[in-house]
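Here are my notes for a colleague who is opening this one for the first time. Have the sequence and the 3D view side by side while you read.

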Amino acid sequence: MKKTLTVLLSLMLICVLFVSCGKKTTETSSSTEKAVAKATKIGFVVINDESDQGYTWNFMNGMNAALEKLKAEGYNIELLVKRNTTESSICKDYNTELAEEGCAVIFNNSYGFEPYMLEAAKEYPDVQFVGMTNCGGQFDNNTNTFNAFASIYEGRYAAGVVAGLKLQEMIDNGKIKADQAVIGYVGAFSFAEVISGMTSYFLGVRSVCPSATMKVYFVGTWGDATLEEAAANALIDKGAVMISQHSDTTSPALAAQKAGVFHTGYNTDMTGAAPNASIVSCRINWEPYFYTFIKNLIDGKKNNPDYTGTMAEGAVLLTEINEKIAAKGTKEKVEKVIEELKSGKRQVFDTSTFTVEGKKLDHAFALDTDGDFTPDKEEAVYDGAFHESKFQSAPYFAIQIDGIEWLNAAF
C-alpha cells in the first residue's frame with residue numbers, strides 16, 4: 001500500500017511539473033508572438049530633407065514624435081526614409097524599394113508623388129500606402145491606399161488675422177495708407193491646395209483690415225530657395241509690405257527681413273530665421289495622425305481611408321506669436337478667432353465676405369483635367385459658406401476671388 005501510494009504521489013508530481021512547464025512555455029510563446037507582432041518597418045518618402053526647415057522638417061518632426069510615443073508604449077518600429085525625392089518615376093522606385101525591404105506601410109508626403117505611389121500600390125497589395133495631401137487613393141479600387149490631410153485653411157485664416165491686425169495697425173499709425181496694405185504671397189503651384197490656402201489667409205486678413213489686397217506669384221516648384229527668394233523680392237518691388245507663403249523654405253521670410261517688411265510663414269516657426277519680420281506661422285501637426293495610423297495598423301484595426309485633421313482636434317496649429325513685432329492685442333484677438341473656428345461659429349469661406357467677379361458665390365467649382373473651371377460634382381456651398389474638405393480631405397477650393405491678383409500661373 002505504501003509502495004502504491006509512493007508511485008501515485010510520484011505520478012502526481014510528474015503531472016504537476018508537466019502542466020507547470022507547459023503553462024510557462026505557452027506564456028513565453030504568447031509573449032514572444034506579442035513582441036513580434038509589435039515589431040514592424042515603416043517607410044517614408046519625402047520631397048526634401050530636414051534641412052529645408054519647413055515642409056519636410058515639419059513632417060519628420062511629426063513622425064519622430066509619434067514613434068517616440070509608440071516606443072514608450074512598447075512598440076518596436078524601424079523607420080526607413082527616402083529623402084529628396086523628385087516627383088518622377090524615382091518616386092515609384094523608392095516606394096518599391098521600401099516595399100521590398102518589408103515595410104508594412106509607406107507614407108508619401110508630396111502631392112506630386114501620388115500617381116507613382118498608386119502604381120507601386122497595385123504591385124504590392126499587402127503593403128499599405130498613404131498619400132499626404134492627395135485624393136486619388138480615395139477613388140481608386142485599391143483597398144491598400146489612403147489619403148490624409150488637415151484643415152490647414154483654418155490655420156491660414158488665423159495667421160491672416162495676425163497679418164491683418166499688423167497691417168491695420170500700420171494704417172492707424174500713419175505708416176502706410178489704406179490702399180498700401182498690400183500682401184505678397186509666394187505660392188508653389190496654382191492648384192486647389194495652394195488656392196484654398198492663400199484665399200483663406202486673405203479672408204483672415206480682410207476680416208480685420210478691409211482695405212488689404214494681395215498679389216500672388218507662383219514659382220512652379222515646392223522647395224527651391226532661390227526661386228522663392230526671387231518671388232518674394234519681386235512682390236516687395238510691387239509694393240508688398242507683408243509677405244506670406246505656400247512654399248517649403250524660409251527664403252521668403254529672409255527676403256522680407258532684408259527688405260524691412262513683415263512676414264507670416266508655413267510649416268514651422270520662422271521667427272528664428274527672421275526675428276524682425278516673421279510674426280507667426282501656421283502648420284499641420286502630423287503627430288496624432290502618424291501615431292494613430294501606425295498603432296491601428298500594428299494592432300490590426302482599420303484606418304480611415306480619407307482622413308482630415310482639424311483645428312479642434314489639434315491637427316492644425318499656430319506657432320507662438322512674435323509679440324515683439326505683432327500688433328498690440330493680437331494674441332487675445334486670435335485666441336477668440338481660433339475658438340470660433342473650432343466651434344464652427346466662424347466659417348472661413350463665408351460667402352458674405354468675398355465675391356467672384358463682383359458676384360456672390362452661390363455654387364462650387366473645381367478644376368477639371370484640362371485646367372478649366374467646371375461645376376463641382378458635390379455642392380460645397382450651403383448654409384452661407386463654401387465647405388472646404390467636407391467631401392474629401394484634399395482641398396478643392398480652386399476659385400480666384402476678388403482682391404487677389406495672380407501675377408502668373410504655374411499649373
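1. Ground rules. This is a predicted model, so to speak of local features a pLDDT of at least 70 is needed, side-chain atom pairs count only at pLDDT 80 or more, and totals for chains, interfaces and linings use all residues. Residues are numbered from 1 along each chain as its sequence is written, and side-chain values use heavy atoms, with hydrogens and water left out.

2. Strands β3 and β4. Start with strand β3 (residues 103–108), which pairs with β4 in the parallel sense over four bridges. Strands here are DSSP runs of E with at least two residues, helices are runs of H or I with at least four, and both are numbered from the N terminus. Two strands pair if DSSP finds at least two bridges between them. If you want a spot to look at, Val105 stands opposite Gln128 in β4. Strand β4 (residues 128–132) is largely enclosed by the rest of the structure, because four of its five residues are buried. Buried means under 20% relative accessible area, exposed means over 50%, and partly exposed lies in between (1.4 Å probe, protein chains only).

3. Strand β10 and its neighbours. Strand β10 (residues 278–284) is mostly covered, with six of its seven residues buried. Strand β9 (residues 262–266) runs parallel to β10, and four bridges join them. In that pairing, Gly265 stands opposite Ser281 of β10. Strand β12 (residues 316–318) runs antiparallel to β10, joined by three bridges. Here Arg283 has Leu317 in β12 as its bridge partner.

4. Salt bridges across the chain. How many salt bridges does a search of the whole structure find? The search gives nine, where a salt bridge is a side-chain nitrogen of Lys or Arg within 4 Å of a carboxyl oxygen of Asp or Glu. Glu97 forms one with Lys82, and the closest N and O atoms are 2.8 Å apart. This pair links distant parts of the chain, with Glu97 in helix α3 (residues 89–100) and Lys82 in strand β2 (residues 76–82), 15 residues apart. Glu97 is partly exposed at 35% relative accessibility, while Lys82 is buried at 17%. Lys215 and Glu405 form another salt bridge, again with closest N and O atoms 2.8 Å apart. That pair also links distant parts of the chain: Lys215 is in strand β7 (residues 213–218) and Glu405 in strand β17, 190 residues apart. Glu405 has a relative accessible area of 37%, so it counts as partly exposed.

5. The side chains of Lys342 and Glu339 meet in a salt bridge (4.0 Å, N to O). They sit three residues apart in helix α11, which means about one helical turn separates them. Lys342 is partly exposed at 38%, and Glu339 is partly exposed at 48%. Elsewhere, Lys92, Glu119 and Glu123 are linked in a network of salt bridges.

6. A negative patch. Which residues gather in a patch of negative charge on the surface? They are Asp269, Glu320, Glu323, Glu332 and Glu335. A patch is made of residues with over 30% relative accessible area and no salt bridge, joining like charges within 9 Å and nonpolar side chains (Val, Leu, Ile, Met, Phe, Trp, Tyr) within 5 Å. Glu335 is in helix α11 (residues 330–343), and its relative accessibility of 44% makes it partly exposed.

7. Most residues other than glycine have a negative phi. Asp383, not a glycine, has a positive phi of about 50°. You'll find Asp383 in the loop between β15 (381–382) and β16 (385–386), exposed with a relative accessible area of 74%. Ser389 also has a positive phi, near 60°. Ser389 lies in the loop between β16 and β17 (404–406), and at 12% relative accessibility it is buried.

8. One contrast of sequence and space. Lys295 and Leu67 are 228 residues apart in sequence and 9.7 Å apart in space, C-alpha to C-alpha. Lys295 belongs to helix α10 (residues 287–299), where it is partly exposed with a relative accessible area of 21%.

How values were computed. Accessible areas come from the Shrake-Rupley method with a 1.4 Å probe; for residues, only the protein chains shown count as cover. Lys and Arg count as positive and Asp and Glu as negative; His and the chain ends are not counted. The place of a charge is taken as NZ of Lys, CZ of Arg, CG of Asp or CD of Glu.
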